[in-house]
Amino acid sequence: METKLREGIHWVGYVDWNVRDFHGYKTARGSTYNAYLVQDEKNAIIDSVKGPYANKLLGNIQGHVALTDIDYLVVNHAEPDHSGSVPAVMAACPNAVLVCDAKCKDALRLHYDTTGWNFQIVKTGDSISLGRRTLTFLETPMVHWPESMFTYVPEEKLLFSMDAFGQHLATASRFDDTEDMTIVMQEAKTYYANIVMLYGRSIRQTLDAASGLDIDMIAPSHGVIWRKNIPTILEAYDRWTQHRPEKKVLVVFDTMWKATEMMADAIMEGVLEERVNARLLNVHSSHITELATEMLDCAGVAVGSPTLNMSLMPQVACVLTYWKGLKPQHKVGFAFGSYGWSKNGGAADVEKYLKEMKVELTSPALYVKYVPTEDDLAQCREAGRTLAQAALSNHAKLWQE
Ligand code: FEO
């Protein structure tokens, strides 16, 4: 496997082929925890790997250099998928100084016993010379923890970008130009939607701050390293951070006895009559990870739930709670659902969520008592057409700004 980024700069991380859950995120294609070794007059490790794989990391480092010759361990991010092996590295590398920002030191102290660790605290603009090469630091708060930081090697035009531009994607090769870019970009989008959508504004500020850097390789802490398709991933982040959608409508629903599903089908028919791309997704068929990814770039959304116990269906509540936390923006949409003897809950609760998410309502919530009539379904189709038209207007507006 090719692990060399540059002469003397190597990937030394771990490919986690079989991980399928990342704190609730369904990692269907596994993941990697990327760590890097920069060899020079002084040697630096950039980030570590998840705790159980510490020995793999140490073994990979030893393939290039003795552990006693490690001078620095740079910790760009304290989340345990990257810092979990820091205690093992600090124990195995007696001469290593741990380099991080002040917030990261606090976070590490609250995760691990840091007694005896030699810290060097850095801030934006600071640099450390390794000899022929330099590590310079850029604090990137809330991308996506408060202590996050980029490390840049100007002599190599190489950015270690931590979680930014990452993908949960296990692959046999380490570089973008040796992998299927359709899959890489799908996983980059899934990663953005589920991990960092909420922090779009911080990412935007970081991209602006980093725009002056001369970069021809981006090495994130998950997934492939970008060396050929940097413009593609930067353009995608530009689009995602500005919440610029596709001409796409999402119809998401749960159902008890098919009434709400009939409504969803009719809404979908109305949407498609307007020749808009659309997805019809039952919350039991699509994981919340996929639903967040679909939500990222849709322009309009209709969400349906029957009333259950004067409330909404639990899996719809799960999806809406997840979406609300991720804060997708600038959507249009409406709620719908069937009920038996009370309109409380169901579509009414869905509409409350949509309002809290600042979704611009294209129709009042659509209700059907028990089973939809032909008139009810015609009304659903009409609401679908209205949603599709509003989504197209929304798309046009967001791409003009
Ligand atoms: Fe990959 Fe925020 O940790």
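How far apart do the C-alpha centres of domain 1 and domain 2 lie?

1. The C-alpha centres of domain 1 and domain 2 lie 39 Å apart, in what should be read throughout as a predicted model. The domain assignment places domain 1 at residues 4-241 and domain 2 at residues 248-395. Across the boundary, twelve residues of domain 1 are in contact with 13 residues of domain 2.

2. For the chain as a whole, the C-alpha atoms fill a box of roughly 80 × 40 × 35 Å along the principal axes, and the secondary structure comes to twelve helices and 24 strands. Of the 401 residues in the chain, 59% are buried. When contacts between residues at least 6 apart in sequence are considered, 73% of them join residues at least 24 apart.

3. Helix 5, which spans residues 181-196, packs against helix 7, residues 230-241, at an angle of about 35 degrees, and the two axes are 11 Å apart. The crossing by which helix 5 passes helix 7 is right-handed. On the side of helix 5, the contact is made by Met181, Met185, Ala188, Lys189 and Tyr192, while helix 7 contributes Thr232, Ile233, Ala236, Tyr237, Trp240 and Thr241. Sorted by class, this contact has eight nonpolar residues, two polar ones and one charged one.

4. Because 13 of its 16 residues are buried, helix 5 is largely enclosed by the rest of the structure. Its N-terminal end is capped by Asp180, a side-chain oxygen of which lies 2.9 Å from the backbone nitrogen of Thr182.

5. Leaving aside residues up to four places away in sequence, Phe150 touches Asn76, Thr136, Phe137, Leu138, Thr140, Leu159, Phe160, Ser161, Met162, Ala164 and Thr206.

6. One further pair may be checked in the viewer. Phe150 and Ile203 are separated by 53 residues in sequence, and their C-alpha atoms are 12 Å apart in space.

Technical notes: Residues numbered from 1 in each chain as written. Predicted model: local features only at pLDDT ≥ 70, side-chain atom pairs only at ≥ 80, totals over all residues. Heavy atoms only, no water. Axes fitted to C-alpha atoms, helices over the stretch in contact; angles between N-to-C directions. Helix = DSSP H or I, 4+ residues; strand = E, 2+ residues; numbered from the N terminus. Left-handed = near helix turned anticlockwise from the far one by under 90°. Contact = heavy atoms within 4.5 Å. Nonpolar A, V, L, I, M, F, W, Y, C, P; charged D, E, K, R; others polar. Buried < 20%, exposed > 50% of the residue type's maximum accessible area, 1.4 Å probe, protein only. Polar contact = N/O pair within 3.5 Å; in protein donor to acceptor, adjacent residues only side chain to side chain. Domains from an automatic or database assignment.
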